Amino acid sequence: GGRDKGTLGGLRLLLTNIAERAMPASPATMTAGGELRWEEVLTTKGRLGEEAPYAFDTVEVPFENPWNAWVRTSALDFFEDGRAAVSTLGGDVWIVSGLDERLAAVKWKRYAAGMFEPLGLAIVDGDVIVTCRDRLTRLHDLNDDGEADFYESFYTDTDVSTTFHAFNFDLQEGANGDLFFVKSGQYTDSDMGGAVMRVTPEGEAFVYCTGFRTPNGMGMSPDGRPLVGDNQGNWIPASKVSLTKEGGFYGVFPSINNSGAGKKTRDDFDQPAIWMPQRFDSSCGGQLWVEDERFGPLSGRYLHTSFGKGWMYGLAIEDGEVPQGAAWKLPFQFDAGIQRLRLAPHDGAVYTVGLSGWQGPGGGKDGCLERVRWTGTEEVVLKSARALHDGVELEFSGPVDAALAADAANFTAKRWNYRWARDYGSAHYSLVEPGRKGEDPVKVVSASADGARVHVVLEDVRTVNQLAVTYDLGGDQKGEVLFTINQVPSPTTPR
């Protein structure tokens, strides 16, 4: 009857549909890579600097490109063969080749796109891993055609806050394959705000330390501890660099649900290795431990960068019970606010990228790729500095003028403290009259040189947030060194 006809009709329809529809492609066909999306390789060139002993080179960035991609360079790292991977804030990764001695033909190949505001990048075992606001993404080029085919969610962040300030910053590789990045602490919806995150090779994440505000830059110590730069704001009296420890707290209380500056829950915090006033660094970038003889006298030292100023600095850290250090500006003005720097394996130079944001340096460009390299000359540079029990020591790369170094009039010193509070930043406060705004002059008692080391004796040495020492030893041997003294060294500390 009718029921049989209905059953037969349904069976015929099913057979017809099966016959008319092609079987879907096997998923296996989708795991070998696809066609190129961005076939064109762009070529720019570099401009070589003539400075000595360190030259400053600039690579043209392809701001004009066929895809109207906004090339706001945000992070970089190197493959072993000398190619660089450079990310942009708009979500791209470019592979850059031709970074040779002359920079005559630098090639830019768009490798990936569409990621969420990447501000960190590391190449691990040949793979590019990118720090985005929502995850760590590992990129795979499945068919070796120069473009990423598979965007692997290596670690998915549990916090993706909606405010403009809630970034994830940087990406550094530690011991045992662990990766470190750091989260904004202010204007966040997460109780992990301001935390340095440690991500294992298996993709598991743990809070390493906390208490940062807008930590746009990291580095790693030779023994595998993260350095973190942070900039002035609520609970941050001035820009600073901290050599962190697991479980440490670095001053900023997370502001849950965008409540602003956060609620104070303790009365102390782990001191940074170096404080820096606004005129010196108004917004910190990242740091780099440079261990390569090809980088000359600054090898075996830290470098520090400024997003706010577009500057680079020498940075010395005394790693005692409480880290403390010194910083001094190097004579370069970068084209944008620099925030990431890497040592290149093929030439021993330091390459930097950055972008200009809320306070671009002198009307800085949208992005930059620039290089600092040692020219091999024997010109003398300041290469280290530290506090002593009776003053400070400046270490140069070669002998200085002993007569000028022996004249105390060629040096000045002043010092001040900052106030840790909910307020945005801090004034400078006297040590002599606590509570009074201002800086205290410090008498230079004497000075002397022992070859490349200059010993500046001060009237008294105290723990202090900031000690500023200027020197003028003739010619280019002049400048200012900023110290933070968290603990006065013992007289028996080896010099």
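Which residue forms a salt bridge with Asp268? The partner is Arg266, and the closest N and O atoms of the two residues are 3.1 Å apart. The model is a predicted one. In total, the structure holds 32 salt bridges.

- Asp268 counts as partly exposed because its relative accessibility is 43%, a value that lies between the limits of 20% for buried and 50% for exposed.

- A salt bridge joins the side chains of Asp159 and Lys183, with 3.3 Å from N to O.
- This pair links distant parts of the chain, as the two residues are 24 residues apart.
- Asp159 sits in the loop between strand S11 (150-156) and strand S12 (168-173), while Lys183 belongs to strand S13 (residues 179-183).
- Asp159 has a relative accessible area of 9%, and is therefore buried, since buried means under 20%.
- Lys183 has a relative accessibility of 2%, so Lys183 counts as buried as well.

**The pair Glu395 and Arg301**

- Glu395 and Arg301 form a salt bridge in which the closest N and O atoms are 4.0 Å apart.
- Here, too, distant parts of the chain are linked: Glu395 lies in strand S28 (residues 391-396) and Arg301 in strand S21 (residues 301-306), 94 residues apart.
- Glu395 is buried because its relative accessible area is 15%.
- Arg301 has a relative accessible area of 18%, so Arg301 is buried.
- Both residues also belong to a network of salt bridges, in which Arg301 and Glu395 are linked with Lys383, Arg386, Glu393 and Arg453.

**A nonpolar patch on the surface**

- Leu8, Leu11, Leu14, Leu15 and Ile18 make up a nonpolar surface patch.
- Together, these residues have about 490 Å² of accessible area.
- One of them, Ile18, is part of helix H1, which covers residues 2-20.
- Ile18 counts as exposed because its relative accessibility is 57%, and exposed means over 50%.

Terms used. Residues numbered from 1 in each chain as written. Predicted model: local features only at pLDDT ≥ 70, side-chain atom pairs only at ≥ 80, totals over all residues. Heavy atoms only, no water. Patch = residues over 30% accessible without salt bridge, like charges linked within 9 Å, V, L, I, M, F, W, Y side chains within 5 Å. Areas by Shrake-Rupley, 256 points an atom, 1.4 Å probe, with all protein chains shown as cover. Helix = DSSP H or I, 4+ residues; strand = E, 2+ residues; numbered from the N terminus. Buried < 20%, exposed > 50% of the residue type's maximum accessible area, 1.4 Å probe, protein only.
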